[in-house]
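Dear colleague,

Please find below the structure that I am handing over to you, with its sequence. My notes on what was found in it follow directly after.

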Amino acid sequence: MKRRRRTSHQPAEHLGMKNAHMDRDCFKLRREVMQHVYHAKRLLRPLSIELPRITVRITEFTRHDSGCLGVASLGDSVIWIPSTTITDGEYDLRSIVLHEILHAAFSVGHVADCPMMGAYALVKVGGYTPALDQLFVDYCVNSRAI
Ligand SMILES: [Zn+2]
């Protein structure tokens, strides 16, 4: 596997996206994502599980919108969220961020038919429930136990 320059945290070439220019709008979108990262931290705190520092990058599609809603580097604590995922308002951002955190920080892979870790587990806006929080916590606890 080719190593990417770690300092820039650029998404892999084949994904057809690049990091957005860090301007005002980008920071605003990044803050929205970070709120859900903090939510994840709060969920884990009572269990004394320390979430590693998650690097969040907002991306833009370079060719066409592939429909990808988020990407993570497995076990490397970096997540990439296309700006359109946030601005389209079609899918629940918290569910997407929790899904990517499980990839990035806990190396959890896809789990068929799981509402959180299915490859196409898409929670529509308004479809988020506390049951998803519990599922997230369960994954974290179990992945630590391995
Ligand atoms: Zn995934």
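The protein contains four helices and four strands; helices (H or I, at least four residues) and strands (E, at least two) are DSSP runs, numbered from the N terminus. Along the sequence they follow the pattern β-α-β-β-β-α-α-α. Please note that this is a predicted model, in which local features need pLDDT of at least 70 and side-chain atom pairs count only at pLDDT 80 or more, while totals for chains, interfaces and linings use all residues. Residues are numbered from 1 along each chain as its sequence is written.

**Overall dimensions**

The C-alpha trace spans about 40 × 35 × 30 Å along its principal axes. The radius of gyration is 15 Å, which agrees with the value near 15 Å for a compact globule of 146 residues (taken over C-alpha atoms; the globule rule is 2.2 Å times the number of residues to the power 0.38). Of the 146 residues, 27% count as buried; a residue is buried if 20 or more other C-beta atoms, placed from the backbone, lie within 10 Å of its own.

**The nonpolar core**

The largest nonpolar core has 28 residues, and Ile-79 and Ile-101 have the most contacts inside it. Such a core is a set of buried Ala, Val, Leu, Ile, Met, Phe, Trp, Tyr and Cys residues joined through C-beta atoms within 7 Å. At least two residues of this core come from each of α1 (24-44), β2 (55-61), β4 (78-82), α3 (93-106) and α4 (130-145). The most is given by α3, with nine residues.

Leaving out residues up to four places away in sequence, Ile-79 touches Ile-54, Val-56, Gly-70, Ala-72, Glu-100, Ile-101 and Ala-104; contact requires C-beta atoms, placed from the backbone, within 7 Å.

Ile-54 itself lies in the loop between α1 and β2. Ile-54 counts as buried because it has 21 C-beta neighbours inside 10 Å. Beyond its neighbours within four places in sequence, the contacts of Ile-54 include Val-37, Ser-77 and Ile-101.

**Packing of α1 on α3**

The helices α1 and α3 pack at an angle of about 65°, with their axes 9 Å apart (axes are lines fitted to C-alpha atoms over the stretch in contact, and angles run from 0 to 180 degrees between N-to-C directions). Among the residues making this contact are Val-33, His-36 and Val-37 of α1, and Val-97, Leu-98 and Ile-101 of α3.

Yours sincerely

Notes: Buried ≥ 20, exposed ≤ 12 C-beta atoms within 10 Å, placed from the backbone. Contact = placed C-beta atoms within 7 Å.
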